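Could you walk me through a few local details of this chain?

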Amino acid sequence: MDKYQEQPHLLDRHLEWMMNSLLAIVRDNGSPPPLVHLAFKFLYIITKVRGYKRFLPLFPHEVGDLQPVLDMLVDQNPKDSETWETRYMLLLWLSMICLIPFDLARFDGNITSEEGHARVPTMDRILKIAKCYLVVSDKARDAAAVLVSKFIVRPDVRQKRMPDFLDWTLSMLSKSSFQTMEGTVVMNGMLQALAQLFKHGKREDCLPYAATVLECLDNCKLSESNQMVLRKLGMKLVQRLGLTFVKPKVAKWRYQRGCRSLAANLQAQSSAVQNQMIIVAANEADKEEEYDIPGEIENVVEQLLVGLKDKDTIVRWSAAKGIGRITGRLPKELADDVIGSLLDCFSFQETDNAWHGGCLALAELGRRGLLLPSRISDVVPVILKALTYDEKRGACSVGSNVRDAACYVCWAFARAYDPAELIPFISQISSALVIAAVFDRDVNCRRAASAAFQENVGRQGTFPHGIDILTAADYFAVGNRVNCYLTISVYIASFPEYTQPMIDHLVNMKINHWDSVIRELSTKALHNLTQRAPEYMANVVLPRLLPLSVGTDLHTRHGAILACAEITHALCKLAEENNRYKCKIILTINFPFMSVCTLIEKLSLSKMPFRGDPIIGGWQWLINDSLRSLPLVSSAARQHIKESAVSALAALCNEYYINENGEADPALQDELVTQYVSELQNTEEMIRCGFSRALGALPRFLLKGRLQQVLEGLKKVTLISPADVSFAEARRDALIAIAKVCQTIGVNGEGTQEEYVCKDNVTQIYATLLSGMTDYTTDSRGDVGGWVREAAMTSLMEVTLLLVQNEAELINANICKQIMCWLAQQSAEKIDKFRAHAGSVFLTLLHFDHPPVPHIPHREELERIFPRSEKETLNWNAASEAFPRITQLLGLPTYQYYVLLGLSVSVGGLTETTVRKYSAQSLFDYMKKIQNDSSAMESFSGLFEPFAVKLFTLCKEEIKRSKDIRKLRSSIGVFCGLIQFQGDMREKVLFQLFLLLCHPFPVIRKTTASQVYEMLITYSDVVDPAIMDEVMTILSDTNWEAELPVVREKRNCLCDLMKVPKPQLVSKVNCSICG
């Protein structure tokens, strides 16, 4: 049923037969109790989706159902948590049956039962059941309140039981406290019952008790409760009491728009005349009408106005509806007083809760025609403020609900008022809604503003360029914030009515926003909007921004600097077209790093006339200081600051450091390059990162003649030493910088190594980049070497494609083989991100054809395994797609070793991941495929001899003096696997295993014995069959957790049997593995 939750009305045509089918089971006396409970559970699910109000009238309400339903309810256990759905549905069913138009006394018959005891009347039985379930904590309480509202208002029950029931309810309320859980449950039931009763009861029946109930409710002080549901129910009851105090009538003074058909909007003139006639008639009728307003109404309205400021939305919404309903029954003067009090909510001394509640109430009043046109001039300014309401609280802000509610007010006004009434405010409202739809931070507010704008365009028909704007800024288009700021805003600003308000909003409200993303988007939007109003930007906006850029507020300063930069750059681009709007902005203050670097970049791109000016030295110092300060900033902002500084450096150098001959000043070049290269050996990793990237951004005229110095400096950063083994980010940025330098300096095979990538330095460059492919450094952050490998792969690709497109002969076969083999290894590894990157680079080099990359080993076989058509579609992130392809490279001799190396990492993962599953399966599938091919098997197994020797040596070294139980246990499994290799390897493995049989840790001795036993069963050729039984008996019968001297004797016996040298005792000071 859950799929009908969004559109439950689709169930309506099926509700009756579903209910009848389930109730047939309930009515069948032969149905077992579990089946009955299941039927009621299904009924509840349907009710939950469609709502009980729609479901209730479908219940059968024949006289014959009364006693069976009563009997079933009596048989229920109110405390049984498994069958609450049954009790809930039975109470709803009973609330429908009790509407039968017969006096309940007629069902009592003879009041004396056969046993001579007095029988409880039906009326009292129902009331007793209702009271019982009003104090339970489950859903049945809600149904009991519905039952009360239907039952107590019956004429026969009202006369005999209503006063007593109300006394009991008020007594229970008075005795209960919302400070306890039990009291909260009881108060919830009583408040629900009273609210339902005053909603469905006749006014003349409820009026005598309303004042007493209101007094009791005041004494409960529900506004002090922290239970949201109790406060909401209290608000609901208060408004029902208020409606009881005043007569139900339609206010003659209310504003009536008349026909609200969209087609009628086309007849504006006739509609205006009709409206005037209606209003005049209403005013005349109002003078003749008399109102009887009791004093309690003031108390009710006051409580509702306080409820508008509640901390929970549901309470505020209930209070807003109450204000709308009660105001509709008040005389015009009192209603205007209510509106005046309501407008007091919109004070900046009030919280966001008061603003939200006030907006909801205004929307309700407008929707009901209770906000007269004379008040619109007071309301519109308030709503315009609410559309931009945003209060910072700590690290976030509040106010999105206020802005959303303000959009609802605009939506309601569009439906409530004639276009002529809103004409004076159309410009303000339309601009405010457009601004909210495009520039609001929250997507729900942008969509609400778009919907309100659409409603106004359709209902009012007076919004400028409404249809055009709606087409660009519809519900779905405004869902993407970046698209709103950078694309939709530019289109809307092409309409003059909206250009200046949009720019003013960005300058006044957004460049000082607490969220840095919004500030940056706003400045980019100002850049794009400059073309729409260049005069306004140059003459008004820039002079306004300059003082803000030296203010005390950091957010404002950051936004103002970025805005100055973006607007200046935009004006410069316009100036190049028509020689206007040249500006001069002097930097004499200390700005935040990111914004000042952006400003330097934009001013440089704007070709400001500062060549030879001392200020350029200040700019250079600011860029260098930003790079040196990277360790001091948060990790979140570090990357952004680094990129901003590097971009600023490139723009500054290109504009101010090049002379008329296209060269750099030698002294300046020497100072800058030497300074940057020296910073590469800084002890702070982040400073190395910053200056590596800075060297990569230098233009060619600064690198010319200094290339070897730069490459040597960057090469040193990529080397791993004990002091900087954890500097993975520095190594990554150095590798990226090497590729950038190569692309900048260009290729000339016969050129000098100080000016070009040439035959003298290409081998050195490739050696540095290939060394990055072997970085498997790990620390507390995980596989940080992966960052280096990823950068190395990217740089190898960029340098290789650069050489291929210029002088492919500089790439020799050995280099190309190493590149492709290392990429194949990375394509077989377990981390999805790095595997996908390696696969992408591998296929890019394989299928590049402008011209093709030379010397790729097994090119034809690779193109068959990885067809060009699948270059874009092959999902390397999916292990199920990647590993079946990459294991096919095991059949290519050049790639065998490297692919197997990569697969060993994936197959040998410690956890049962998807990667491990598919990599192992793919490897086994390949092995099955070649098991009958002797040459293939021989070639494949030949890989393992050198591999086994290295593995044994590394494992032996790894467990030396180790006390790590997991590591020691893993090594036992490795040694047992290596027993397959005969000769010296087997003897070394047995010696190592016999060492572990006398390890100081008993658990290691026991594990070793167990695994050696399994190993000898698996590989029967290890031991001579003549002594097999004796060896197996020693391994299985010996208590390997016994004292070491006893265990050592058994171990030495095994050594004698298997002709393995006995391990000699070594001092425990020197070795933790004791022989």
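Here are some questions and answers on selected residues.

This is a predicted model, in which local features need pLDDT of at least 70, side-chain atom pairs count only at pLDDT 80 or more, and totals for chains, interfaces and linings use all residues. Residues are numbered from 1 along each chain as its sequence is written, and side-chain values use heavy atoms, with hydrogens and water left out.

Q: Is T83 buried or exposed?
A: Happy to start here: T83 lies in the loop between α4 (66-75) and α5 (84-97); helices are DSSP runs of H or I with at least four residues, numbered from the N terminus. Buried means under 20% relative accessible area, exposed over 50%, and partly exposed in between (1.4 Å probe, protein chains only). Because its relative accessibility is 8%, T83 is buried.

Q: Which residues does T83 touch, not counting those up to four places away in sequence?
A: Contact here means heavy atoms within 4.5 Å. With residues up to four places away in sequence set aside, T83 touches H37 and Q76.

Q: What is omega for the peptide bond from H850 to P851?
A: P851 sits in the loop between α39 (832-847) and α40 (859-865). The bond from H850 to P851 is cis, with omega near -5°.

Q: What is the relative accessible area of H858?
A: H858 is also placed in the loop between α39 and α40. Its phi is positive, near 55°, in a residue other than glycine. H858 counts as partly exposed because its relative accessible area is 23%.

Q: Where is K1059 placed?
A: K1059 is not a glycine, yet has a positive phi of about 55°. K1059 is exposed, with a relative accessible area of 73%. Its place is in the segment after α50 (1044-1058).

Terms used
Helices (H or I, at least four residues) and strands (E, at least two) are DSSP runs, numbered from the N terminus.
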